[in-house]
Amino acid sequence: MRIKLVKLKEVNSTNVYLCEHADCFNEELVVVQADYQTSGKGQGQNGWESQAGKNLLYSLLVHPQNLPVKSQFFLSMAGALSIKAVLDEYVDDITLKWPNDIYWKDCKLSGTLIELSVHAQVIQRCVYGVGLNVNQTVFESNAPNPVSLAQILGHELDRDKLLHQLIIAFEQYYNRLEEGAFDEISNQYHAALYRREGVHPYRDREGCFQASIVTVEPDGRLVLQDTDGRMRGYYLKEVEFI
């Protein structure tokens with residue numbers, strides 16, 4: 001796979017940059033990394049706090065072949081698993097919080113934002129944005145539970161080395177997805193889920209309840225079973241982990 005890496009000092013958002021410049025690249029995988037984002041994007045209306053030059057802020061552009069929209073969540077699974085595979089080499093207790101946050105114990109280490117371009121119910125382009133807390137040790141936003149690798153390990157890490165590892169891991173998982181290894185990726189994702197075992201508290205528009213995770217469907221729908229035996233299905237932002 002031909003890979004293009006673009007490094008920027010500052011940009012409004014690496015996702016926005018790639019979406020605006022997608023037609024300028026011919027490589028199968030394009031990575032844009034910035035030291036600072038003036039308008040870093042999270043899920044929905046959320047922003048992403050990051051001190052300049054401290055963390056990894058990057059987006060990856062790929063063009064999936066024949067992946068239907070109904071199976072779009074496999075892109076999220078593969079991307080999250082690639083990050084976990086690298087972080088597992090540094091720390092223990094890494095899990096994937098649905099839909100695609102990376103957790104260390106009960107703290108958020110990384111978040112992602114995926115933006116798709118679709119034609120005739122087939123995904124033409126995927127921009128996969130990642131914010132990974134690496135060397136930042138003070139967080140000033142109202143995010144409830146951020147943590148960085150430096151806080152966990154007690155020392156700073158080489159961001160360039162880490163980015164190289166993350167790109168290689170993403171390439172490996174993406175290639176497996178292109179080869180049709182859907183069951184393999186799904187099984188790994190479910191095995192790595194945060195709160196994959198036991199009963200835990202959640203909140204939806206009806207209120208708080210206790211439930212266990214049953215599965216995550218190919219379109220990203222989270223299925224829970226509450227303590228009354230009722231099956232509950234949720235898409236992004238429809239349920240809160242508490």
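How many bridges join strand 10 to strand 11, and do these strands run parallel or antiparallel? The answer is given under the second point, after a remark on the overall division of the chain.

1. Domains. The model under discussion is predicted. The domain assignment divides the protein chain into domain 1, covering 3–192, and domain 2, covering 200–241. Taken over C-alpha atoms, the centres of domain 1 and domain 2 are separated by 24 Å. To the contact between them, domain 1 contributes 14 residues and domain 2 contributes 13 residues.

2. Strands 10 and 11. Strand 10 (residues 222–226) and strand 11 are joined by 4 bridges, and the two run antiparallel. Within this pairing, Gln225 has Met231 of strand 11 opposite it.

3. Strand 4 runs antiparallel to strand 5 (residues 101–104), to which 4 bridges join it. Lys97 has Asp101 of strand 5 as its bridge partner. The loop between strand 4 and strand 5 holds Pro99. The peptide bond leading from Trp98 to Pro99 is cis, with omega near 5 degrees.

4. Which residue has a positive phi although it is not a glycine? That residue is Ala120, with a phi of about 55 degrees. Ala120 is placed in the loop that lies between strand 6 (107–119) and strand 7 (122–132).

5. Helix 2 against helix 4. The axes of helix 2 (residues 73–87) and helix 4 (residues 159–178) come within 8 Å and cross at roughly 140 degrees. The two helices are therefore oblique to each other, and their crossing is right-handed. On the side of helix 2, the contact involves Phe74, Leu75, Ala78, Gly79, Leu81, Ser82, Ile83, Ala85 and Val86, which meet Leu162, Gln165, Leu166, Ala169, Phe170, Tyr173, Tyr174 and Leu177 of helix 4. By class, the residues of this contact are 14 nonpolar and 3 polar, with no charged residue.

6. Helix 2 against helix 5. Helix 2 also packs with helix 5, at an angle of about 60 degrees and with the axes 9 Å apart. Helix 2 and helix 5 are therefore oblique to each other, and the crossing of helix 2 with helix 5 is left-handed. Helix 2 supplies Phe73, Phe74, Met77, Ala78 and Leu81 to the contact, while helix 5 supplies Phe182, Ile185, Ser186, Gln188, Tyr189 and His190. The residues of this contact divide into 8 nonpolar and 3 polar, again with no charged residue.

7. Helix 4 against helix 5. The axes of helix 4 and helix 5 (residues 182–191) come within 8 Å and cross at roughly 130 degrees. At that angle, helix 4 is therefore oblique to helix 5. Tyr173, Arg176 and Leu177 of helix 4 meet Phe182, Glu184, Ile185 and Gln188 of helix 5. The contact of helix 4 with helix 5 includes 2 charged residues, alongside 4 nonpolar and 1 polar.

Conventions. Residues are numbered from 1 along each chain as its sequence is written. This is a predicted model: local features need pLDDT of at least 70, side-chain atom pairs count only at pLDDT 80 or more; totals for chains, interfaces and linings use all residues. Side-chain values use heavy atoms; hydrogens and water are left out. Axes are lines fitted to C-alpha atoms, for helices over the stretch in contact, and angles run from 0 to 180 degrees between N-to-C directions. Angles under 35 degrees count as roughly parallel, over 145 as roughly antiparallel, 65 to 115 as roughly perpendicular and the rest as oblique. A crossing is left-handed if the near helix is turned anticlockwise from the far one by less than a right angle, and right-handed if clockwise. Contact means heavy atoms within 4.5 Å. Ala, Val, Leu, Ile, Met, Phe, Trp, Tyr, Cys and Pro count as nonpolar, Asp, Glu, Lys and Arg as charged, and the others, Gly among them, as polar. Two strands pair if DSSP finds at least two bridges between them. Domain bounds come from an automatic or database domain assignment.
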